[in-house]
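Dear colleague,

Please find below the structure I wished to hand over to you, together with its sequence. My findings follow directly after it.

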Amino acid sequence: MGLEESIKRINELYHKSQAEGLTEAEKQEQAKLRAEYVANVKANLKSQLDNVSIQEADGSITNLGEKFRKQTS
């Protein structure tokens, strides 16, 4: 299931929960889809931040992704 389909299904389950409630299976599906969505957003944000570079006061350029990857390794 693609991201757009997941979002559509999350919204469908949300609206159903507000209107009439969800079955246990639907609640589990909703929780799983939300967790996958959050993981996807975090991965995308990390990917974007890994490509951010800053110019230091001395004029050198530091890639933050490389800098922090070295610190956590």
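A residue is called buried when its relative accessible area is under 20%, and exposed when that area is over 50%, with partly exposed in between. Gln-30 has a relative accessibility of 9% and therefore counts as buried. Please note that this is a predicted model. Gln-30 is placed in helix α2, which covers residues 24-50. Leaving aside residues up to four places away in sequence, Gln-30 touches Leu-13, Tyr-14 and Leu-22.

I then turned to the charged side chains. The count of salt bridges comes to 6. One of them joins the side chains of Arg-9 and Glu-29, with an N to O distance of 3.0 Å. Because Arg-9 lies in helix α1 (residues 3-19) and Glu-29 in helix α2, this pair ties together parts that are 20 residues apart in sequence. Arg-9 is partly exposed at 24% relative accessibility, and Glu-29 is partly exposed at 28%.

Lys-27 is partly exposed, with a relative accessible area of 42%, whereas Glu-24, at 53%, counts as exposed. Lys-46 counts as partly exposed at 49% relative accessibility. Finally, salt bridges that share partners join Arg-9, Glu-12 and Glu-29 into one network.

With kind regards

Terms used. Residues are numbered from 1 along each chain as its sequence is written. This is a predicted model: local features need pLDDT of at least 70, side-chain atom pairs count only at pLDDT 80 or more; totals for chains, interfaces and linings use all residues. Side-chain values use heavy atoms; hydrogens and water are left out. Helices (H or I, at least four residues) and strands (E, at least two) are DSSP runs, numbered from the N terminus. Buried means under 20% relative accessible area, exposed over 50%, partly exposed in between (1.4 Å probe, protein chains only). Contact means heavy atoms within 4.5 Å. A salt bridge is a side-chain nitrogen of Lys or Arg within 4 Å of a carboxyl oxygen of Asp or Glu.
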